[in-house]
Amino acid sequence: MRTITEDELRSCFVNCSKGDAKRLNLPKDFAETPWDDLDFLGWRDPKAPDRAYLVTETGDRLTGIALRFASAPGKARGFNSTSLCSFCHTVHTGGGVALMGARRSGEAGKQGNTVGQYLCADLACSLYVRGKKQTLLGDAHDDGIPVEDKVSRVRTNLDAFVASVLA
Ligand SMILES: [Zn+2]
């Protein structure tokens, strides 16, 4: 994705208040974000561990989504079990995947309607599919699919998730 500024980031959230978007904490290393390697920017709030965010680009429109951890990362399942991220299909040991919920935008969200997904707990899907970040399992569960196909799979799943939040 292209490089975005802090102002752009804070003004693109669709499912939290303007005040919340203004106050949220940026990734610690925001200035060094490897934009070229990202399909979306995803991060956990460095000061509020049950919160995470993602910002994605569709055409030239940015969409930011605030997420809440529905299960405490690493505690929901035993260490020996594995889980799959529904965006990038990366296999992690128990703590590497977390159930996250996004409040839907608009009236549905006000009524408490949320959409849940099991995602890489660090939201680094883009880096896992490009081999720039390794899970604790290493390559053991790599499905052998070419990187371009993995990238487009992330894109497809991400777009579907964004659509379900906006619906
Ligand atoms: Zn993932």
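Predicted model: local features only at pLDDT ≥ 70, side-chain atom pairs only at ≥ 80, totals over all residues.
Residues are numbered from 1 along each chain as its sequence is written, and side-chain values use heavy atoms, with hydrogens and water left out.

Arg153 counts as buried because its relative accessibility is 19%, the class limits being under 20% relative accessible area for buried, over 50% for exposed, and partly exposed in between (1.4 Å probe, protein chains only). Its side chain makes a polar contact with the side chain of Asp143 at 3.1 Å; such a contact is a pair of N or O atoms within 3.5 Å, and within protein one must be able to donate a hydrogen and the other to accept it, while residues adjacent in sequence count only if both atoms are side-chain atoms. Leaving aside residues up to four places away in sequence, Arg153 touches Phe87, Cys88, His89, Asp143 and Ile145, contact meaning heavy atoms within 4.5 Å.

Most residues other than glycine have a negative phi. His89, which is among the residues that Arg153 touches, has a positive phi near 60 degrees. His89 lies in the loop between strand E4 (82-84) and strand E5 (91-93), and with a relative accessible area of 30% it is partly exposed.

Leu123 also has a positive phi, near 55 degrees, and is found in the loop between strand E7 (114-120) and helix H4 (125-129). At 2% relative accessibility, Leu123 counts as buried.

## The chain as a whole

The protein chain has five helices and seven strands, which follow one another from the N terminus as α-α-β-β-β-β-β-β-α-β-α-α. The radius of gyration of the chain, taken over C-alpha atoms, is 15 Å, close to the 15 Å that the globule rule gives for 167 residues, so the chain is as compact as a globular protein of that length; the rule is 2.2 Å times the number of residues to the power 0.38. Along its principal axes the C-alpha trace spans about 45 × 35 × 30 Å.

Buried residues make up 45% of the 167 residues. Among contacts between residues at least 6 apart in sequence, 57% join residues at least 24 apart.

Note on methods: Helix = DSSP H or I, 4+ residues; strand = E, 2+ residues; numbered from the N terminus.
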